[in-house]
Structure formats: C-alpha cells, structure tokens
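Subject: Structure handover and notes

Hello,

Here is the structure I promised to pass on. Please open it alongside this email.

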Amino acid sequence: MSSLKNVLLSLIVILCLTGCWNRVEVNDIAVVTAMGVDKIDGNKIRLSLQIGVPATFGAAGNMSGNVRSTFNASETGVTLSDAYRRIQEKLSRRIFLSHSRVLIIGEKSAKDGVSYIIDFFARYQEPRVNALIVFTNGEASEFLKSRPLLEKVPSEETREIMKQGIGLKVSIKDFWDMLLSDGVEPVAPRFKLVPLESKNDSGQESSASQIVQAISGAAVFKKDKLIGWMNASESRGILHLRNELDLGVITVNIPEEKGGGKVSVKFIKADTDFKPYFQGGQLKMEVKSDSKVTVLENASPINLSQSKELAFIETKLEESIKQRMELALVKAQKQFRSDIFGFGRIVYQSYPKQWNKSYKEKWDTVFPELEVTIKSKVSIKRIGLSKETK
C-alpha cells in the first residue's frame, strides 16, 4: 500500500514540474500596444498595429535620444482578420494582442459602422475588451504615428490623458454594452493631433513644435454609425448628463457692473440625479446636478470672503454648468436624435412595464421630444487665501 502511495506521489510531483503545453516565449512574440482601424478606397479595411520594441523597455525607456519605443505595421484586407494575417506575413514574431491598451478608429470607418470591429474583439480571445476605444477625425494610422512625451509608448499616453477625468473614458466593453442595450446610444472620446506649443503673437504655430495627441470632445453614434462630433465644452455637458464628471476646471465671467474679470474653480465632486416622471400622462425627465468646487483663481475685484459675493459666484457657476448641459442635450436631441445619456435606460429602471409597453420600440422618436428640466446647484467649499481687493 505504501509503495502505491509513493508511485502516486511521484506522479503528482512529475505533473507539477511539467511546463505549460501552449506557452509562448517572450522572445517569440511581437507585443501590440495599440491598434488602429481605417476604411480606405475600394471599401477595404486597413489595420494598423503599434508594436513595442523590447530593447527600449528598460528603466530609461523612451526618455532619451531618438530611439523609438514602438514601430507601426499596417496592411489592408477585406476583413480585419484578413489584414491581420497579411501583417503577420511580414513579421518574424507572432503578433500578440493581449497587451493592446487602445483601439483607435478613423472617421471614415466609424461613419460606415463599427459592428464588425467590435465583433472581432468579441470573438477573438486575445484582445482585451477593457482596452480603451477612441475616435479621430482623420485616419487612425496617422494618429498612431504620434510620439509620446512622458510615457514610454504612445498608447500609454492616451490612457493617461483619459485617466485625468477631463473627458469621456470608454472601454471596448462599455461601447459594446451601449451598442447592445436598449435606451442608450454609444458615445466615445474624440482625439486629435495638435501642436504642443500654442500660437505666438502673430497667430502662427511654431514650426518646431511637436505634434501630440489631445482629447477634443466626443464622437456621437446612432446604432453603430458615427453621426457627428461634440466639442470640448459640449462633451463636459455629456459628462454631467451621464454622471461621469470626475475632474475639471470651469471659469465664469464677472459682469462689468461688479468690476469685471474672471473666477476659475476646480470640481471636487459632481453628482447628477435623474428622475423620470409622468405629468398629465406625458413622460418627462428631471435632472439635478450637485457640484462641490474650490476656487483656483480670482482675477476679479470680488471679495470672496463675503458670503453675499460668494453666493453670487455660485449662481454664476450654476448658470454656466446648466448651459453646458443644455448645449449637449439640445444637440443630442435635435441635431443627432441620439440618446447618448441613457435616459431610456433610466426610464426602464424606474418604469419597466411602461417602458416595455409604450417606449421601447419607439424611443428613437420619443427621446428627441422628451421634455427635460435641468437644475444645477454649486457649493464653493474652499476659497483659499484671499483678501479684499482695493
């Protein structure tokens, strides 16, 4: 009996010592850090891959010299898989998608519909669905050519910009969920390539200024097709209306009768509550925004230590936030007719029976005419060191 135990124990030890049958050595793979998708002439798809250079991933990274931490490879095909195969034919290592952090989609491809792109990520087990998705006005292949400033690879810079909370942050999974859910349409951040340095006194940009990526508004969808863009100010209204605002700065103008100037504040916390209700048999929506801020700069003669003046600034901020929300709402309802805020989903959560009976099948026509009341409340929690301006 003891000999049998010894044999079984030996077998267990041997099994534990064996390696993974399907392991892939690091030296045998090309690690993709970002992916780009474009539609080109002839209705073909161009897939662009940003691939890391392992030798540059040391402590110094990409912070010195002209050594690039990544290179780009691209090919065209009739499908993403076809283009993917063509890229693989040109590389000595197996393409490895599990570390891809960002998916960039060009404008032309987005306008034609992105379902096939999302389908590729849903079916192929290697890419991560928690990778971030962004859209750009031009071509994704050009966007991938930007060089990072502070991070080792460009895709990490894209992620860090979105982590700042100054714009939308949407993963492939989030986009997929919006695409498949009733009562909400997809929305995602828009990125642009811009000069790092601002224009000089003559209104010209420095020719030596590096071109970098920057978040610049939002991409608005109807089903899986891009139907338009919202600018930076409107996208901040989207953040309020989706209850996703984390950080941000807002500046208000002080009227001349109170001395003129400007006051800038930073958001500490922002919460938005939604209340669908019926009035006279008509569905309506009430939106309440509650923001807590701290003063960053007072470039006006207003004495913020006086409660009356502080209340005046709070009122100006409430008006400004409400205006941002209304700009985004009107554009979504009247121009795009796309419920990117998920109001329909909120109606379903509050009135599931009424939603299924009266609104689910015709939300596309109900949302543009939905009466929405917006209320904004702002509390200034800190004014910093201040004194009365003489």
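Below are my notes, taken one region at a time.

Keep in mind that this is a predicted model.

The four-stranded sheet

Four strands make an open sheet, ordered S10-S11-S12-S13. The pairing is mixed. Strand S10 (249-253) and strand S13 (371-382) are the edge strands. Each has a single partner strand, so one side of each lacks a neighbour in the sheet. On average, neighbouring strands here are turned by 40 degrees against each other, direction ignored.

Strand S12 (residues 282-299) and S13 run parallel and are joined by eleven bridges. Take lysine 284 as an entry point: its bridge partner in S13 is glutamate 371. Helix H9 (residues 307-336) packs on this sheet. H9 touches S10, S11, S12 and S13. Its direction makes about 145 degrees with that of S13.

Aromatic groups

The whole structure holds 15 aromatic pairs. One of them joins phenylalanine 278 and tyrosine 351. The geometry is edge-to-face, with 5.0 Å centre to centre and 70 degrees between the planes. Phenylalanine 278 belongs to strand S11 (residues 262-279), while tyrosine 351 is in the loop between helix H10 (343-350) and helix H11 (352-359). The pair therefore ties together parts that are 73 residues apart in sequence.

Tyrosine 359 is buried, because its relative accessible area is 12% and the cut-off is under 20%. Not counting residues up to four places away in sequence, tyrosine 359 touches Phe278, Leu283, Gln354 and Val366. Leucine 283 is 76 residues away from tyrosine 359 along the chain, with 9.8 Å between their C-alpha atoms.

There is also a charge over a ring. Lysine 258 places its charged end over the ring of phenylalanine 312, 4.8 Å from the ring centre.

Helices H10 and H11

The axes of H10 and H11 come within 5 Å. They cross at roughly 125 degrees. The two helices are therefore oblique to each other. On the H10 side, the contact is made by Gly344, Val347, Tyr348, Gln349 and Ser350. On the H11 side, Pro352, Trp355 and Asn356 take part.

Which residues of helix H2 (residues 80-88) are buried? They are Leu80, Asp82, Ala83, Tyr84 and Ile87. These buried residues pack against strand S1 (29-40), strand S2 (44-52), strand S3 (70-77) and strand S4 (94-96). Helix H4 (115-123) is a further packing partner.

Now look at glutamate 107, in helix H3 (residues 107-112). Its relative accessible area is 18%, so glutamate 107 counts as buried. What does glutamate 107 contact, leaving aside its neighbours within four places in sequence? The partners are Thr136, Asn137, Gly138, Leu226 and Trp229.

Best wishes

Conventions
Residues are numbered from 1 along each chain as its sequence is written. This is a predicted model: local features need pLDDT of at least 70, side-chain atom pairs count only at pLDDT 80 or more; totals for chains, interfaces and linings use all residues. Side-chain values use heavy atoms; hydrogens and water are left out. Rings of Phe, Tyr and Trp (its six-membered ring) pair if their centres lie within 6.5 Å; planes under 30 degrees apart count as stacked, over 60 as edge-to-face and the rest as tilted. A charge sits over a ring if NZ of Lys or CZ of Arg is within 6 Å of the ring centre and within 35 degrees of the ring normal. Buried means under 20% relative accessible area, exposed over 50%, partly exposed in between (1.4 Å probe, protein chains only). Contact means heavy atoms within 4.5 Å. Two strands pair if DSSP finds at least two bridges between them. Axes are lines fitted to C-alpha atoms, for helices over the stretch in contact, and angles run from 0 to 180 degrees between N-to-C directions. Angles under 35 degrees count as roughly parallel, over 145 as roughly antiparallel, 65 to 115 as roughly perpendicular and the rest as oblique.
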